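Subject: Structure handover

Dear colleague,

Here is the structure I said I would pass on. Please have it open while you read the notes under it.

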Amino acid sequence: GHFVLSALTAGSFANKFELQSDDKIVGQLLKNLRTMLGPDVPPPVKYVITRWGHDPLAFGSYSWTAVGGKEATNKKRRTLAAKVGKQLFWAGEATDEDWYGTTVGAYKSGIRAAQEIL
């Protein structure tokens, strides 16, 4: 099997991190992993680095739930996910009640929207 590692950054650190080259980012992450797990951590075979903070359509955003606000937020997620008539269907991580803020949520919501269309 293959291993997958996902690393997330936030705030001002993420803004600075995104300005670095891919090689520098991978090097820093590898250095951190080797500090935590020992010197035998191999370099990645492949990697993908996104720079959502500089994406003019996302600006680094994703949905979240305030502490103690899950029920109210889930109601909003259901409203956001509701189809409009028979022609407009919504998907995206913000419409998934369980996996919001993640790629899994985006994927699951796409499956849900496709099933609604069918």
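This is a predicted model: local features need pLDDT of at least 70, side-chain atom pairs count only at pLDDT 80 or more; totals for chains, interfaces and linings use all residues.

Salt bridges

The structure contains 5 salt bridges. Three of them are described here one by one.

Glu 97 and Arg 78 are joined through their side chains, with 3.0 Å from N to O. This pair ties together distant parts of the chain: Glu 97 belongs to the loop between α3 (70-81) and α4 (103-117), Arg 78 belongs to helix α3, and 19 residues separate them.

Arg 112 and Glu 116 form a salt bridge in which the closest N and O atoms lie 3.3 Å apart. Both residues are in helix α4, and because they are 4 residues apart, about one helical turn separates them. Arg 112 is partly exposed, with a relative accessible area of 21%. Glu 116 is partly exposed as well, its relative accessible area being 31%. Apart from this pair, salt bridges with shared partners connect Glu 71, Arg 78 and Glu 97 into one network.

Surface patch

Which residues make the nonpolar surface patch? Val 84, Leu 88 and Trp 90 do, and the patch covers about 260 Å². Of these, Trp 90 is in the loop between α3 and α4. Trp 90 has a relative accessibility of 38% and so counts as partly exposed.

Largest pocket

The largest pocket holds about 1,800 Å³ of space. It is lined by 42 residues, and those closest to its centre are Leu 5, Ser 6, Ala 7, Leu 8 and Val 48. The elements that contribute two or more residues to this lining are α1 (11-18), α2 and α4. Which element gives the most to the lining of the largest pocket? It is α2, with 6 residues. By class, the lining of the largest pocket consists of 26 nonpolar, 12 polar and 4 charged residues.

Separate residues

His 2 is in the segment before α1. With a relative accessibility of 81%, His 2 counts as exposed. From His 2 to Thr 35 there are 33 residues in sequence and 22 Å in space, C-alpha to C-alpha.

Gln 28 sits in helix α2 (residues 22-37). Gln 28 is partly exposed, at a relative accessible area of 30%. Gln 28 lies 80 residues from Lys 108 in sequence, and their C-alpha atoms are 32 Å apart.

Ile 49 is found in the loop between α2 and α3. Ile 49 counts as partly exposed, its relative accessibility being 25%. Ile 49 and Thr 9 are 40 residues apart along the sequence, with a C-alpha to C-alpha distance of 11 Å.

Lys 76 is part of helix α3. Lys 76 has a relative accessible area of 61% and is therefore exposed. Between Lys 76 and Leu 5 there are 71 residues in sequence and 31 Å in space, again C-alpha to C-alpha. Leu 5 is among the residues closest to the centre of the largest pocket.

Regards

Conventions:
Residues are numbered from 1 along each chain as its sequence is written. Side-chain values use heavy atoms; hydrogens and water are left out. A salt bridge is a side-chain nitrogen of Lys or Arg within 4 Å of a carboxyl oxygen of Asp or Glu. Buried means under 20% relative accessible area, exposed over 50%, partly exposed in between (1.4 Å probe, protein chains only). Patches are made of residues with over 30% relative accessible area and no salt bridge: like charges are joined within 9 Å, nonpolar side chains (Val, Leu, Ile, Met, Phe, Trp, Tyr) within 5 Å. Accessible areas come from the Shrake-Rupley method with a 1.4 Å probe; for residues, only the protein chains shown count as cover. On a 1 Å grid over the protein atoms alone, a cavity is a set of points where a 1.4 Å probe fits but cannot get out, and a pocket is an open set with protein on both sides within 12 Å along at least five of seven lines; lining residues have an atom within 4 Å of a point. Grid points are joined across faces, edges and corners, and a volume is the space filled by probe spheres set on the points. Ala, Val, Leu, Ile, Met, Phe, Trp, Tyr, Cys and Pro count as nonpolar, Asp, Glu, Lys and Arg as charged, and the others, Gly among them, as polar.
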